[in-house]
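Please read them with the sequence and the model open beside you.

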Amino acid sequence: MKTIKTTMIAIAMIFLANFAYSSGNVKLNVAPVESERAYVEISNTALTYFEIDVRDEFGDLIFRKKTLEPVAAYKKKYDFSALDDGIYTLKVKSENETNQKRFKMERGEITILEMRKVVEPYFTTDGNIWKMSYLNFPMEKTSLYVYDRSQLLFEKEIKPEFALHEGLDLSGLNPGSYQIVFTTPYDIFEHEVRVK
C-alpha cells in the first residue's frame with residue numbers, strides 16, 4: 001500500500017512539474033518612454049504567435065494585432081496619443097497564456113496600474129474521474145460548478161492557492177454529458193465530460 005501511495009505521489013509531482021514548466025513563460029513589459037508613447041516588449045521561451053489587443057474600461061476594442069509568424073520576442077513603440085483620458089487594458093495572448101497590463105492615460109501621461117497573468121487550466125479525465133490543475137498567478141478565489149444541461153448539480157468555492165488541483169468522481173451520475181465550469185473573478189473555463 002505504501003509503494004502504491006508513493007508511486008501515485010511521484011506521478012502527481014511529475015505531472016505538476018511538466019505543467020508548471022510549460023506554463024507562465026511569456027513576459028510582458030510596458031514601459032512609458034515619453035509623453036503618450038510606450039514600449040511594449042513581449043518575450044517567450046519558445047517560438048509562438050502573439051495576439052495583442054488594447055481595450056478601454058468598458059471592454060471596447062481599440063487596437064488588435066497578431067504576429068504573422070511565430071516569434072520568441074516582440075518589441076514595438078506604441079503611440080497612445082489618440083486615446084482619451086481613462087483606464088485601458090493591454091492584453092497579450094500566447095497559446096494557453098494571457099498577460100494583461102492595465103494602464104491609465106491622464107493628460108498625455110501613461111501610468112502602469114497592475115499586471116495579471118493567467119494560464120488556462122489543464123483538464124483531464126480518466127474513466128469517470130475528472131482532474132484539473134491550475135496555476136493561480138493572481139492568487140484569486142475560484143469556483144467549480146458541474147451542470148447537467150442547464151441545471152446546477154454541484155458547486156464548490158476554492159480558497160486562493162498558487163497550485164490548485166481538483167478532482168471529481170463522476171461515477172455516481174447518470175450516463176450522459178456534463179459541463180464542468182471553473183471560474184475566477186475575470187475568467188470562465190469550461191470542460192465537457194461524458195459519463196458512461
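1. Two strands are said to pair if DSSP finds at least two bridges between them, and the strands themselves (E, at least two residues) are DSSP runs, numbered from the N terminus. In those terms, aspartate 53 stands opposite lysine 91 in β6, and valine 54 likewise has leucine 90 in β6 as the residue opposite. The model is a predicted one, in which local features need pLDDT of at least 70 and side-chain atom pairs count only at pLDDT 80 or more, while totals for chains, interfaces and linings use all residues. Residues are numbered from 1 along each chain as its sequence is written, and side-chain values use heavy atoms, with hydrogens and water left out.

2. The sheet that contains these pairs is open and has five strands in the order β4-β3-β6-β7-β8, with antiparallel pairing. Its edge strands are β4 and β8, each of which pairs on one side only. From one strand to the next the twist averages 15°, where axes are lines fitted to C-alpha atoms and angles run from 0 to 180 degrees between N-to-C directions. As background, strands of a sheet pair through backbone hydrogen bonds, either parallel or antiparallel.

3. Strand β3 (residues 51-56) is joined to β4 by five bridges, and the two run antiparallel; six bridges join β3 to β6, again in an antiparallel arrangement. β3 and β4 form a hairpin with four residues between them, and glycine 59 in the turn has a positive phi of about 90°. Within this pairing, glutamate 51 stands opposite lysine 66 in β4. The charged end of lysine 66 also sits over the ring of tyrosine 49, 5.7 Å from its centre; the criterion is that NZ of Lys or CZ of Arg is within 6 Å of the ring centre and within 35 degrees of the ring normal. Elsewhere, lysine 117 lies over the face of phenylalanine 137, at 5.5 Å from the ring centre.

4. How many aromatic pairs does the structure hold? There are ten, counted where rings of Phe, Tyr and Trp (its six-membered ring) have centres within 6.5 Å, with planes under 30 degrees apart called stacked, over 60 edge-to-face and the rest tilted. One of them is the edge-to-face pair of phenylalanine 63 and tyrosine 78, at 5.4 Å centre to centre and 75° between the planes. Phenylalanine 63 lies in strand β4 (residues 61-66) and tyrosine 78 in strand β5 (residues 71-79), so this pair ties together parts that are 15 residues apart in sequence. Phenylalanine 63 is partly exposed at 30% relative accessibility, whereas tyrosine 78 is buried at 9%; buried means under 20% relative accessible area, exposed over 50% and partly exposed in between (1.4 Å probe, protein chains only).

5. A stacked pair is formed by tyrosine 88 and phenylalanine 103, at 5.7 Å centre to centre and 25° between the planes. Because tyrosine 88 lies in strand β6 (residues 86-94) and phenylalanine 103 in strand β7 (residues 97-106), the pair ties together parts that are 15 residues apart in sequence. Ring pairs link Phe63, Tyr78, Phe80, Tyr88 and Phe103 into a cluster.

6. Histidine 191, in strand β15 (residues 188-195), is buried, with a relative accessible area of 19%. A polar contact (a pair of N or O atoms within 3.5 Å; within protein, one able to donate a hydrogen and the other to accept it, with residues adjacent in sequence counted only if both atoms are side-chain atoms) of 2.9 Å joins its side chain to that of tryptophan 130. Leaving aside residues up to four places away in sequence, histidine 191 touches Phe123, Thr125, Trp130, Tyr178, Gln179 and Ile180, where contact means heavy atoms within 4.5 Å.

7. Two backbone angles deserve a look, since most residues other than glycine have a negative phi. Arginine 107 has a positive phi near 50°; this residue is in the loop between β7 and β8 (109-119) and is exposed, with a relative accessible area of 70%. Methionine 139 has a positive phi of about 55°; its place is in the loop between β10 (129-135) and β11 (142-148), and it is partly exposed, with a relative accessible area of 42%.
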